[in-house]
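Please look through the sequence and the model shown here before reading on. The paragraphs that follow go from the chain as a whole to its core, its strands, a helix and a contact.

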Amino acid sequence: MIIQFITAVVVFYLVIRLAQKYKRREINSKEAFLWGMLWFSVFFFVLYPKFADSVASKIGLKTAMGIDLVVYIAVTLAFYLIFRISVHMERVERDITKITRHIALKEDDKK
Amino acid sequence: MRVAVVIPAHNEEEKICGVARSVISCGYDVVVVDDGSRDNTFLEALKSGAVVLRHIINRGYGAALETGNRWALKKEYDVIVHFDADEQHDPFEIKNMVLPVIREEADVVIGSRFIGSAESIAFLRKVLIKSAIVFTWIFSGIKLSDAHNGLRAFSSSALKKISCAQDGMSYASEIIDQVAKNKFKILEVPVTIKYTDYSMSKGEGNFKKIFIGIKFLWSKFLDKHV
């Protein structure tokens with residue numbers, strides 16, 4: 001009961017923060033929707049843990065509990081997000097190099 | 001035939017003037033790319049009489065070479081040579097790299113210390129370089145006797161078709177990969193590599209060389225998504 005209450009409070013706070021970021025246009029509607037769905041899912045599974053157990057059982061995780069399913073999904077999602085961040089960083093690094101090169105060649109043109 | 005020698009340099013104030021001058025004295029045009037050095041590399045390179053380009057921040061060996069390549073292609077040089085700034089290479093051997101390109105015997109010429117000479121090469125370093133050869137053979141399909149030699153020569157027509165995105169030392173692997181993809185004629189010529197305390201202090205550590213290979217593979221994978 002206590003853990004559900006704490007989770008509810010934390011999720012509520014995160015949703016408020018999400019709404020503020022969306023209002024300030026720091027994130028777009030797609031990002032807001034996806035993060036919102038994530039927090040809602042967390043809240044839902046914490047409120048109804050038996051639902052997670054039945055989903056886990058239906059997809060073939062017979063000896064696992066619902067929480068195990070949540071962990072598997074969370075780990076997969078985390079690795080996917082790391083990959084997306086790596087791709088983004090690689091793009092940014094290449095752009096920085098392009099700009100640096102452009103400046104170097106432009107300075108030479110001025111001579 | 002106009003030949004440009006590209007020398008990437010990062011914190012090489014001690015050697016760069018002498019190295020650039022030695023190449024200029026052999027009759028070649030030199031472009032030094034100062035890759036965000038924090039010492040007087042830029043000023044020392046200017047003293048040599050070379051053209052000096054400057055990266056305002058450090059981007060890496062590959063990025064500096066690519067900047068030099070772009071400059072040389074813009075200035076319409078026919079042959080572009082890569083040369084290290086740490087006195088490992090012998091400027092008199094540039095002629096042996098350039099001639100096969102001029103005679104159209106090859107589009108790309110790579111120096112090889114294993115058909116030439118590698119003075120005082122440590123055993124572990126030798127093992128790592130040999131591993132790099134196998135690595136290059138597996139991933140690029142080209143068998144070289146020296147996969148990571150910094151002394152290279154390209155025809156301008158070949159270099160125009162090569163565009164490397166690797167900023168760091170894994171550029172050396174990517175360039176071979178690009179040569180293989182474009183099916184360029186590649187030739188290895190014997191060169192001398194001098195290992196001095198100075199050049200060893202400037203080079204990558206042995207374990208870092210392994211990470212360079214991993215970084216190359218990871219970047220190759222990311223290329224499809226960037």
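Helices (H or I, at least four residues) and strands (E, at least two) are DSSP runs, numbered from the N terminus. This is a predicted model, in which local features need pLDDT of at least 70 and side-chain atom pairs count only at pLDDT 80 or more, while totals for chains, interfaces and linings use all residues. Residues are numbered from 1 along each chain as its sequence is written, and chains are lettered from A and ligands numbered from 1 in the order in which they are written.

Chain B holds nine helices and seven strands. Of its 226 residues, 47% count as buried, a residue being buried if 20 or more other C-beta atoms, placed from the backbone, lie within 10 Å of its own. Two residues are in contact if their C-beta atoms, placed from the backbone, lie within 7 Å; among contacts in chain B between residues at least 6 apart in sequence, 75% join residues at least 24 apart.

A nonpolar core is a set of buried Ala, Val, Leu, Ile, Met, Phe, Trp, Tyr and Cys residues joined through C-beta atoms within 7 Å. The largest such core has 61 residues, and those touching the most other members are Val5(B), Val6(B), Val31(B), Val32(B) and Val81(B). Leaving aside residues up to four places away in sequence, Val31(B) touches several residues, including Val6(B), Val51(B), Leu53(B) and Trp71(B).

Strand β2 (residues 29-35) of chain B runs parallel to β3(B), to which five bridges join it, where two strands pair if DSSP finds at least two bridges between them. In this pairing Asp35(B) stands opposite His55(B) of β3(B). Strand β3 (residues 51-55) of chain B is mostly covered, with four of its five residues buried.

Helix α4 (residues 94-102) of chain B has as its buried residues Ile94(B), Met97(B), Val98(B), Pro100(B) and Val101(B). These lie on the same side of α4(B) because they cover an arc of only 160 degrees around the axis, the arc being that of the directions from the helix axis to the C-beta atoms. Just after α4(B), Glu104(B) takes a positive phi of about 60 degrees.

Definitions and conventions: A residue is buried if 20 or more other C-beta atoms lie within 10 Å of its own, exposed if 12 or fewer, and partly exposed in between; C-beta atoms are placed from the backbone.
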